Amino acid sequence: MSEKNDESFVNEKHLFHGTKSTCPEKIYNAEQGFDFRYSSDENLWGAGTYFAVNASYSDKYSYASGNERCMFLAYVLTGETCECKPDRKMKKPPCKTHCNGKFENELYDSVTGYTNGSQIYVIYDHEKAYPAYLITYRVETTVM
C-alpha cells in the first residue's frame with residue numbers, strides 16, 4: 001500500500017470488529033485473519049469486512065458465549081478512503097476520480113460511512129487488517 005500511495009496514505013487505524021456468529025478462534029487461527037467471504041451480501045456497503053470506531057457499535061455484533069462476549073481490536077490499513085452512501089451491491093471500493101491521467105482504473109483502499117452512531121470502515125482485502133487483540137468481557141444480567 002505504501003508503494004501505491006505515498007506514506008501519508010497508509011492510515012493505520014485501531015478499530016473494533018464484532019464476529020457475531022463466527023467463533024473468534026476461527027479468525028485468530030486463520031491464515032488470512034479476517035475473511036470478508038463470510039460477510040453477508042446484505043450489509044450496508046456490500047460484502048466486505050466491517051470495522052467500527054466505537055466499541056459500542058461492535059458490541060451489537062460481538063460473539064456471545066453464555067454471559068461472555070468477544071470482539072476484536074484490529075489494526076486496519078484504511079489507506080485512501082472513500083466516504084460513500086450505503087450500497088449493498090458493493091464488492092470493492094470505487095474507482096478514484098480521474099486526475100491528469102494519474103488515477104485511471106485505480107481503486108480507493110477502503111470505504112467509510114456512518115451508521116448507528118459510529119463511523120464504519122469497510123475493506124475488501126484480507127491483507128489490510130490484523131486481529132491484534134481479542135477483548136473478552138462479561139455482560140451482567142439484572143434480575144427484577
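By contact I mean heavy atoms within 4.5 Å. With neighbours within four places in sequence left aside, I listed what Gln119 touches: Phe51, Ala52, Val53, Thr112, Gly113 and Tyr114.

Ground rules before I go on. This is a predicted model, where local features need pLDDT of at least 70 and side-chain atom pairs count only at pLDDT 80 or more, while totals for chains, interfaces and linings use all residues. Residues are numbered from 1 along each chain as its sequence is written, and side-chain values use heavy atoms, with hydrogens and water left out.

**Entry: overall fold**

I counted 2 helices and 8 strands in the protein chain. Helices (H or I, at least four residues) and strands (E, at least two) are DSSP runs, numbered from the N terminus. Read from the N terminus, the order is β-α-β-α-β-β-β-β-β-β. I also checked burial, taking buried as under 20% relative accessible area, exposed as over 50% and partly exposed as in between (1.4 Å probe, protein chains only). Of the 144 residues in the protein chain, 40% are buried. Among contacts between residues at least 6 apart in sequence, 76% join residues at least 24 apart.

**Entry: Gln119**

Back to Gln119, which sits in strand β7. Gln119 counts as buried, at 19% relative accessibility.

**Entry: aromatic pairs**

How many aromatic pairs does a search of the whole structure find? I got 7. A pair of aromatic rings is described by the distance of the centres and the angle of the planes. Rings of Phe, Tyr and Trp (its six-membered ring) pair if their centres lie within 6.5 Å; planes under 30 degrees apart are stacked, over 60 edge-to-face, and the rest tilted.

I looked at Trp45 and Tyr50 and found the ring centres 6.5 Å apart and the planes at 45 degrees, so this pair is tilted. Trp45 and Tyr50 are both buried.

Next came Tyr75 and Tyr133, with centres 6.4 Å apart and planes at 85 degrees, so I noted the pair as edge-to-face. This pair links distant parts of the chain, 58 residues apart: Tyr75 is in strand β4 (residues 68-77) and Tyr133 in strand β8 (residues 129-138). Tyr75 is partly exposed, with a relative accessible area of 28%. Tyr133 is partly exposed too, at 46%.

I also noted a cluster, in which ring pairs link Tyr28, Phe34, Phe51 and Phe72.

**Entry: nonpolar cores**

A nonpolar core here is a set of buried Ala, Val, Leu, Ile, Met, Phe, Trp, Tyr and Cys residues joined through side-chain atoms within 4.5 Å. The largest one has 12 residues, among them Trp45, Tyr50, Ala52, Cys82, Cys84, Ile120 and Val122. Strands β2 and β7 (118-123) each give this core at least two residues.

**Entry: largest pocket**

A pocket, on a 1 Å grid over the protein atoms alone, is an open set of points where a 1.4 Å probe fits, with protein on both sides within 12 Å along at least five of seven lines; lining residues have an atom within 4 Å of a point. The largest pocket holds about 670 Å³ of space, the volume being the space filled by probe spheres set on the points.

Which residues lie nearest its centre? Of 32 lining residues, I found His17, Gly18, Thr19, Ser39 and Asn43 there. The largest share of the lining, 4 residues, comes from β2.

I placed Thr78 in the loop between β4 and β5 (81-83). Is Thr78 buried or exposed? Buried, with a relative accessible area of 0%. Beyond neighbours within four places in sequence, Thr78 is in contact with residues including Asn11, Asp109 and Tyr121.

Asn11 has a positive phi of about 50 degrees although it is not a glycine. Asn11 falls in the segment before β1 and is partly exposed at 31% relative accessibility.

Asn116 also has a positive phi, near 45 degrees. I found Asn116 in the loop between β6 (110-115) and β7, exposed at 55% relative accessibility.
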